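Me: I am new to this structure. Please take a close look at one part of it, then show me how that part sits in the whole chain.

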Amino acid sequence: MSDNLLLRPYQRGALDLPNRIAMAPMTRGRADDATGVPHPLTKDYYAQRASAGLIVTEGIYPHILGKGGPGIPGLVDDAQVAGWREVTDAVHAAGGRIFAQLWHVGRMTHPLVLPGGATPLAPSPVRITGSRIFTDQGLVEHVTPRAMTTSEADATIEHFAAEARNAIAAGFDGVEVHGANGYLIQQFLAENTNRRTDRYGGSRNGRLRLAVDIVTAVAAAVGAERVGLRVSPDNPENEIAEQDPQGTYRALVDALDPLGLAYLHVIERGEYAALADLRPRWSGTLIANFNGPSPTTRDAGEKVLSSGLADVFSFGRLFLGNPDLPARFASGAPLNDYARELIYGGGAEGYTDYPALTAERV
């Protein structure tokens with residue numbers, strides 16, 4: 001498209017981006033499974049993609065019981081912080097900006113993944129029945145999670161805040177709280193997965209409380225200008241069923257907008273037109289994302305920006321095979337496909353071996 005809005009710089013608050021092309025968070029499953037320390041190649045993987053206006057990392061657990069599968073990294077101890085410091089140093093040396101995504105999966109894990117065969121935690125003991133989950137023993141049936149006690153929910157807020165402090169210690173420019181895709185925070189938001197009667201359930205305000213308290217605590221820990229929130233209203237992924245997504249997310253946005261966060265990252269998927277509905281209620285930066293069956297095209301991203309529904313657009317799968325995606329958009333060069341079978345786990349193949357334009361032309 002002629003406007004090239006994706007390639008224009010963007011500046012607001014602490015965000016100073018050379019373009020409006022964000023790299024969306026994508027699980028890669030390559031961390032050391034025993035230690036949660038990033039793979040040695042992780043620094044190369046993200047540094048290769050440093051031309052993105054903003055990189056948001058794969059999800060990183062704030063507590064070992066929030067780990068979602070084999071090879072998921074953490075940010076809870078000194079070794080993990082040191083491993084991520086290598087990543088952020090490499091990205092900054094390449095001229096990039098990188099936020100860490102803080103990710104607790106709630107019921108979307110399994111005793112085979114957790115230490116000591118622990119039972120997954122969730123708002124309520126509601127089991128996923130229509131799919132299986134990947135473990136190091138292959139795909140297995142989900143188990144019924146254990147409902148968090150009120151004190152465990154309280155502690156989870158501090159786990160997120162502590163992880164945010166660790167992220168800044170590791171050199172990240174900021175953090176994104178993962179409140180989307182059917183993981184812990186959205187499990188608290190959704191009526192079908194939150195059947196609690198304590199202060200974290202029972203009413204809309206109760207269901208919102210964990211999300212609001214986590215984001216507020218993280219902002220207090222590291223500064224609101226360093227904090228983003230990702231949401232996916234009306235997203236049925238992982239058997240989430242939100243009865244009134246408009247009411248829920250209007251209330252969530254209204255509660256969080258006064259904090260002055262770095263951004264709101266909205267995945268639009270489902271019948272609810274989340275971008276059009278929430279944009280007028282959010283006074284700060286809005287990053288848009290589509291989560292459809294095929295990777296989002298450049299033209300689709302341009303259309304969202306030109307409509308005024310978002311300031312930045314995040315691309316996921318296109319960045320897997322195209323580490324220099326902004327340069328390809330700028331030149332109109334063809335895009336590499338990506339090897340779907342190599343997304344999760346493994347080493348360099350399907351991770352750091354996709355060619356950049358300069359390498360292709362040698």
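**A close look at helix α6**

Reply: Helix α6 covers residues 245-256, which makes 12 residues. From its first C-alpha to its last, α6 reaches 16 Å, close to the 16 Å expected at 1.5 Å a residue. Bear in mind that this is a predicted model.

Now the burial. In α6, the buried residues are P245, G247, T248, Y249, L252, V253 and L256. An α-helix has 3.6 residues a turn, so residues three or four places apart point the same way.

What covers the buried residues of α6? The cover includes helices α4 (184-189), α5 (204-222) and α7 (274-278). Strands β11 (227-231) and β12 (263-268) are also among the covering elements.

Next, the loop between β11 and α6. D234 has its place there, and N238 is found in that loop too. Phi of D234 is near 60°, a positive value in a residue other than glycine. Phi of N238 is likewise near 60°, again positive and again not in a glycine. Their burial can be read from a cut-off: buried means under 20% relative accessible area. D234 has a relative accessible area of 22%, so D234 is partly exposed. N238 has 17%, so N238 is buried.

V222 lies 9.7 Å from N166 in space, C-alpha to C-alpha, though the two are 56 residues apart in sequence. N166 is found in helix α3 (residues 150-169). At 21% relative accessibility, N166 counts as partly exposed. Leaving aside residues up to four places away in sequence, N166 touches L75, V76 and V81.

Now step back to the whole chain. The chain has 11 helices and 14 strands. Of its 362 residues, 56% count as buried. Among contacts with a separation of 6 or more, 72% join residues 24 or more positions apart.

The overall dimensions come next. The C-alpha trace spans about 60 × 45 × 35 Å along its principal axes.

Last, the surface and the charges. The chain exposes about 13,700 Å², and carbon and sulfur atoms supply 51% of it. There are 33 positive and 41 negative side chains. The centres of these two sets lie 3 Å apart.

Technical notes:
Residues are numbered from 1 along each chain as its sequence is written. This is a predicted model: local features need pLDDT of at least 70, side-chain atom pairs count only at pLDDT 80 or more; totals for chains, interfaces and linings use all residues. Side-chain values use heavy atoms; hydrogens and water are left out. Helices (H or I, at least four residues) and strands (E, at least two) are DSSP runs, numbered from the N terminus. The expected span of a helix is 1.5 Å times one less than its number of residues. Buried means under 20% relative accessible area, exposed over 50%, partly exposed in between (1.4 Å probe, protein chains only). Contact means heavy atoms within 4.5 Å. Accessible areas come from the Shrake-Rupley method with a 1.4 Å probe; for residues, only the protein chains shown count as cover. Lys and Arg count as positive and Asp and Glu as negative; His and the chain ends are not counted. The place of a charge is taken as NZ of Lys, CZ of Arg, CG of Asp or CD of Glu.
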